[in-house]
Amino acid sequence: MRVLVVGWFSFTEVIATVGDERAAEVVTGWLARAGIAHDVAWARYLDRGVDHARVDPAGYTHLVWVCGPLLGDPLVEGLLRRFAHTRRLAVGVSVVDPATAARFGAVWPRDAPGCPPRPDLAIDPPGDGPAVVATVFAPVQPEYGDRGRHAQVQAVVERWVADRGLGSFDVGTDLLTPSGQRRRVGQVQAVLGRADVVVSSRLHGLVLGLGRGRPVIAVDPVVGGAKVSAQAAALGWPVLLAADEVDAAALDAALDRCLLPAEPVLPAWAEVARSAADQRARLVAALAG
């Protein structure tokens, strides 16, 4: 017996979803624990597993379709014709076309006409997972001339997030969203507060992240240091990477430091308050004079 696990994630012509991938992981976990030999057919853009169009169909006794809708689609038809000799099973699917479903020896649907719905396979009980990072990137700032490494720093961080499989979301800080809607301070603060760690090449990503009690990997995108470095020094925040030292290893070390901090996450609030009070007094005195 050898099983080929397939689904919409198997077709290079289709951009499947992470839910499809997770469902495939669940089913292959079942097969592995049962000691059943199997391969997974992944789309070529995923660069893993096998290509259903290139493997020898004779090498498989079973075809297991996982997740997504079962419908009369040319891609599905071609796959079923190529593996017509196998015993075909489907699990965790939505039966859209009963005629296509009838071409499988057994179907355990998540939803189908006349059947009570079942939970999708992609659902997991709560548990440990990758850290979630909020990224706040500074745009190119022409005032720093050829010292600026804004685009390069952003590319390194984005590649690191992808390679490490971290949960992530990018946080904009402009007062207008790309669609022209008003963005408010409280919205940005609330979003940053949901992250495990903030990674920021913007000064205010550092400030607002720490203000919400989140550890921050501060990245100064200007060679030789500029306002991000200065603000990290003002706040006594130690997790700072210079533009010319940002790489995967440095980011890994900084993430570990933020997740298991040896020092308090919050800066010295007494000093912050003293500085603000001093600036307020100076401004009021200047205005009164």
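**Briefing: a buried histidine, salt bridges and a helix pair**

His 52 touches Ser 10, Phe 11, Ala 41, Leu 79, Arg 82 and Phe 83, leaving aside residues up to four places away in sequence; contact means heavy atoms within 4.5 Å. This is a predicted model: local features need pLDDT of at least 70, side-chain atom pairs count only at pLDDT 80 or more, and totals for chains, interfaces and linings use all residues. Residues are numbered from 1 along each chain as its sequence is written, and side-chain values use heavy atoms, without hydrogens and water.

**His 52**
- His 52 sits in the loop between strand E2 (38-40) and strand E3 (62-66); strands (E, at least two residues) and helices (H or I, at least four) are DSSP runs, numbered from the N terminus.
- His 52 is buried at 13% relative accessible area (buried is under 20%, exposed over 50%, partly exposed in between; 1.4 Å probe, protein chains only).

**Salt bridges**
- The structure holds twelve salt bridges (a side-chain nitrogen of Lys or Arg within 4 Å of a carboxyl oxygen of Asp or Glu).
- Asp 39 pairs with Arg 2 at 3.1 Å, N to O. Asp 39 lies in strand E2 and Arg 2 before strand E1 (3-6), so the pair ties together parts 37 residues apart in sequence.
- Asp 39 is buried at 19%; Arg 2 is partly exposed at 32%.
- Arg 44, Asp 51 and Arg 54 form a salt-bridge network.

**Helices H6 and H7**
- The axes of H6 (203-211) and H7 (227-235) come within 8 Å and cross at roughly 25°; axes are lines fitted to C-alpha atoms over the stretch in contact, with angles from 0 to 180 degrees between N-to-C directions.
- H6 and H7 are therefore roughly parallel (under 35 degrees; over 145 is roughly antiparallel, 65 to 115 roughly perpendicular, the rest oblique).
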